[in-house]
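Colleague: I'd like to learn how to read a model like this one. Can you take me through it feature by feature?

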Amino acid sequence: MEEVVKFLKDANTYYLATVEGDQPRVRPFGTAHIFEGKLYIQTGKVKEVSKQLHVNPKAEICAFKGGEWIRIAGELVEDDRREARQSMLDDYPGLKKMYSADDGNTEVFYFKNATATISAFNHEPKVIKF
């Protein structure tokens with residue numbers, strides 16, 4: 001999983017896809033964090049992405065860097081513990097300008113039943129399950 005998080009951090013921006021009804025929704029994200037052995041992302045409860053994930057937790061991430069791309073598919077599960085929120089904010093101190101662990105808005109999700117695939121035109125895909 002460290003390889004997956006390193007890829008996402010090195011790419012700096014990844015794209016998170018969710019579903020709203022029968023319409024895919026994609027937006028840029030930047031948080032990727034390991035907490036208690038799980039891959040976490042962060043958002044705000046007031047955002048549409050949060051609402052979409054609570055209705056349908058299936059999501060996919062895609063990022064590109066240096067001629068390779070990664071796709072991560074799985075379910076995103078909310079972790080409502082303060083410790084999980086604070087760990088994310090400690091890893092991304094810039095977020096503390098907009099979020100705090102106790103603001104009632106900060107929300108973190110971890111991937112469950114996830115498959116990451118790192119691909120390129122010059123090598124076979126590498127599959128990592130977590």
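Colleague: Leaving aside its neighbours within four places in sequence, which residues is Leu76 in contact with?

Modeller: Before I answer, keep in mind that this is a predicted model: local features need pLDDT of at least 70, side-chain atom pairs count only at pLDDT 80 or more, and totals for chains, interfaces and linings use all residues. Residues are numbered from 1 along each chain as its sequence is written, and side-chain values use heavy atoms, with hydrogens and water left out. Contact means heavy atoms within 4.5 Å. With neighbours up to four places away set aside, Leu76 is in contact with Leu16, Ile41, Leu53, Pro57, Ala59, Phe109, Tyr110 and Phe111.

Colleague: Is Leu76 buried or exposed?

Modeller: Go by relative accessible area: buried is under 20%, exposed is over 50%, and partly exposed is in between (1.4 Å probe, protein chains only). Leu76 counts as buried because its relative accessibility is 3%. You'll find Leu76 in strand 6.

Colleague: Let's zoom out. How many helices and strands does the protein have?

Modeller: Helices (H or I, at least four residues) and strands (E, at least two) are DSSP runs, numbered from the N terminus. The protein has 3 helices and 8 strands, and along the sequence they follow the pattern α-β-β-β-β-α-β-β-α-β-β.

Colleague: What radius of gyration does the protein have?

Modeller: The radius is taken over C-alpha atoms, and the globule rule is 2.2 Å times the number of residues to the power 0.38. For 130 residues, a compact globule would come out near 14 Å, and the protein has 14 Å, so the two agree. The C-alpha trace spans about 45 × 35 × 25 Å along its principal axes. Buried residues make up 42% of the 130. Of the contacts between residues at least 6 apart in sequence, 63% join residues at least 24 apart.

Colleague: Which residues touch the most other members of the largest nonpolar core?

Modeller: A nonpolar core is a set of buried Ala, Val, Leu, Ile, Met, Phe, Trp, Tyr and Cys residues joined through side-chain atoms within 4.5 Å. The largest one here has 36 residues, and Leu8, Tyr14, Leu16, Ile70 and Ile72 touch the most other members. Elements that each supply at least two residues of this core include helix 1 (2-11), strand 1 (14-20), strand 4 (38-44) and strand 6 (68-79). Strand 7 gives the largest share, 7 residues.

Colleague: What does Tyr14 touch?

Modeller: Not counting residues up to four places away in sequence, the list for Tyr14 includes Leu8, Pro28, Phe29, Ile41, Ile61 and Cys62.

Colleague: Which are the buried residues of helix 3?

Modeller: Ala84, Arg85, Ser87, Met88 and Leu89. Their cover includes strand 3 (33-35), strand 4, strand 6 and strand 7.

Colleague: What about backbone angles? What is phi of Asn12 near?

Modeller: Look for a positive phi in a residue that isn't glycine. Phi of Asn12 is near 75°, and Asn12 is in the loop between helix 1 and strand 1. Asn12 counts as exposed because its relative accessibility is 55%. Asn113 also has a positive phi, about 50°, but Asn113 is found in strand 7. With a relative accessible area of 55%, Asn113 is exposed.

Colleague: Last one: where is Phe130 found?

Modeller: In the segment after strand 8 (123-129). At 24% relative accessibility, Phe130 counts as partly exposed. Phe130 and Gly74 are 56 residues apart in sequence and 9.3 Å apart in space, C-alpha to C-alpha. Beyond four places in sequence, the contacts of Phe130 include Met1, Val4, Leu39, Ile72 and Asn113.
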